[in-house]
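Have the sequence and model open while reading.

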Amino acid sequence: MLITKLKEREEILSVLNSKNVFIFKCFGCKEVYLPEGEIDLLLTELKCMERMARVDYLCREEFTVKYLGKYADVLKKADKIVVFSCGVGVQVVAKCIPETPVIPGCDTHYINGFQGLTTQDVDCEMCGQCWLNLTGGICPITSCSKSLLNGPCGGANKDGKCEVNKDMDCGWVLIYKRLKLLGEEEILKRHSVNIRDYKLIINGDKKE
Amino acid sequence: MDYTKYRIKAEKEVREVISNINNLCIIWCKKCFSEFKEEPADECGKVVEVARELNIEIIECRGIDFLCNNHLTGKVLKNFKDNIPLAVISCGIGIQFVSNFFNGNRKVLALADSLPQSGNATSIVGYHGIALGEEKCAACGQCYLEKTGGICPVVSCAKSLLNGPCGGANKDGKCEVNKELPCAWIEIYKRLEKQKKLMDKNIDIRNYNIFSVEEKVRYVKNNQERRKEGFYGGLYPLEKKELTETIPLKIFDPPDVFSVFLSQHTGRPAKLIVKAGDRVKKGQKIGEPDGFISSAVHSPVSGKVIAIEERIHPVSRIPQVAITIENDGTEILDGSVESLTDWDKLPKERLIEILKEKGIVGLGGAMFPSSVKLCPPKPVDTLIVNGCECEPYLNADNRLIIEHPEEILKGIEIVRYLLEVSNIIFAIEDNKKEAIEVIRRCSENYPALKLETPRTKYPQGAERMLIKRTTGRDVPEGGLPFDVGCVVFNVGTLYSIYRAIYEGMPVIERPVTVAGENAIAAGNYIIRIGTHFSDILDTCFGIKSLPSQYELRMGGPMMGVLQKDVNSSVIKGTTGLLLLEKYPVGVSEENTCIRCGRCVDACPMELIPYYYAYYGQKCLWNEMVKYKVKNCIECGCCQYICSSKIDLISLIKKGKRNADNKT
């Protein structure tokens, strides 16, 4: 999933302090977490709210073209455009208005796996070879901090917490418990897990 | 474009997974992020074939929209027969969700692999945002785009080089890794040249150590809590209440001419009982209720009826009969306007009859005749006073609570007497601090009244959501609040009940918030019913006609009805009149859905709105009925959130109308 964070304060200040800057803020996308409150605070403090347009779905080029059309007059005078959005939005704006430098206001972070359309506790890393049949429906790639496929590393403490991060449950302990509930812990003995095919990540959807 | 996230496993593997079992339930996810141009194909064909060959009995096979939507899917999963293995065809999220749901109590089989779409960048990887466009973001955590002219070197360069080209590109500027790809660094150079600058800074090396589990957990938790707070779905639009929240209610000067519609309520229009040329007095009945679900209409001024004519109705937007009255400025009251202080000595039937005669309807916007609500067919134990006003911009109810709490409480007393309810809940959203304080003070002397201040969320003021939030009761599908022992009254309605009894005054005026762009006199006004929108625009915005870059809405920005004709007039359901700047991207009925699923997530009625777009465009009204279009409350959440800007509300209205015509 994507989480955006404001860039370093100094970095944004150096851009926003110039007069001829226009600002786009892309709001409301559930797939991307945007710190809208923080952005507004900063823009209010710098008295930039007047030069900001709050729009949605900058990632859709046909929308972006219309937004740029609506603010064409101010944009003509602007020598920079600052975009608060995920990296996709910044790139689309830059593509549609290539003559003007487009500055991202946020960094976009990738946080461990894809969370589906509804943000939730489970993640999927889209590895292209689903292991869930062997692991009681708990993904070893996202629930084990080392993404081990063949069992626990042995580093978990007595409470079943991961040695990498004590706040995290050991994925393999969870898997064992789940399989036991299902009466299928034998699976772990029967199946040797194949190693991952990383080629799938590169040309995954081309595979046939 | 199609960013479908799973592929069914190879037949050999499917065979292996489902061998050794006798029977099977299959669920498959109808996928997300692909243009919705045809109905999703049944994914389980191959599995059914294999199962038949292996003599495995298939008990149930079902496609589900957005399997990862834990709330809606959970409701479906509860109904699956026990102890039968469940095969899931979906991306890894769906499979994990299902197996976590049963938590070891049932065998869950994974029959699909997720398709990789993210990773660390060689050509086609990266996140595509919500749109199905070409630009992608690898979410590296250190955006370089300001230095590279807005072209991402992490995604676009096959080697994700940050400090310039590798030198391997051929003469045509194509990448040495993949001849079909242009060299990203050549593209970056060209772009920067256009901007008359070249790279002036060094690019830092990538920091691969930005990952934080805590942050994710916090975000997920926060997101889920917000989403599920009080009721499923809903939204948090910009409130914009600050524009008018501190402006006291002010009487809007009565204009010279009024047009009073005969249809100002749910049900049949009132029967006309005056004719052109008649003289009428303020508060005189000019329209008689026609049937059980109907209401009376009264003259807002004393004067002369100058025409009975058709005008564009602000809600139905088709011509309907209105009585045009010229104001003679004398304000002479009709004889029927007289106070009734000993109302509690009257039989209840008589009191309800009086309220019907005074034209009391729900003033929250729905305009349902209150007399009907006051004769519930089932026992009722709870009265909910709706002071939520969850629509952005609007403050009319808010001001009414602040300025007339005693009157509202007297209105509550009347309703309590009629319904004999034991619980009274006064609900005000937590963004109205002043109103909450006022009611808190009043309720000190009124122990039966319980004040609830739920956190602001749209559409909390809708009956069902409010009942769910304040009492935890679920109004059944197709049911009414009576079915769970509740009656909901808007504060405005209670105030008008007070005035009808204590002052004898029928509904001839109501509080209305007028706000929007360039307003010269935004505020909360007590406006007479029948006042033309043009008079309000003139007074509050200083304009005579609608400028093309603005749109006029009656009601709030979410549910408000767009007005094309300024000669339409204020009716009993006019909660606000907003003149707002048009959004650069307009909604259209023709846009294609991309199955982003956001409408499903936002619909408080737990419907699947994107089918209304699909079937509405094809005019398949029966299909819309199958997807429960009649349950829709037209709150506008789906349209607000729609990433394709589809005019869902208009399609839904069409669907409902056509479905009604058939039956």
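B:Asn103 sits in the loop of chain B between α4 (92-102) and β5 (108-110). The model is a predicted one. The phi of B:Asn103 is positive, about 40°, although the residue is not a glycine. Most residues other than glycine have a negative phi, and most peptide bonds are trans.

B:Arg317 is another case: its phi is near 60°, again positive in a residue other than glycine. B:Arg317 belongs to the loop between β13 (303-312) and β14 (319-327) of chain B.

Are these residues buried or exposed? B:Asn103 is partly exposed, because 13 other C-beta atoms lie within 10 Å, a count between the cut-offs of 12 or fewer for exposed and 20 or more for buried. B:Arg317 is partly exposed too, with 14 such atoms within 10 Å.

| Residue | Phi | Other C-beta atoms within 10 Å |
|---|---|---|
| B:Asn103 | about 40° | 13 |
| B:Arg317 | near 60° | 14 |

Chain B also holds a cis peptide bond. It runs from B:Tyr458 to B:Pro459, with omega near -5°. B:Pro459 is in the loop between β17 (449-452) and α13 (463-471) of chain B.

Now to chain A. Which strands pair with β2(A)? One is β5(A), residues 80-84, parallel over 5 bridges. There, A:Val21 stands opposite A:Lys80. Another is β4(A), residues 52-55, also parallel and joined by 4 bridges. In that pairing, A:Phe24 faces A:Ala53 as its opposite residue.

Definitions and conventions: Residues numbered from 1 in each chain as written. Chains lettered and ligands numbered in written order. Predicted model: local features only at pLDDT ≥ 70, side-chain atom pairs only at ≥ 80, totals over all residues. Pairing = 2+ DSSP bridges. Helix = DSSP H or I, 4+ residues; strand = E, 2+ residues; numbered from the N terminus.
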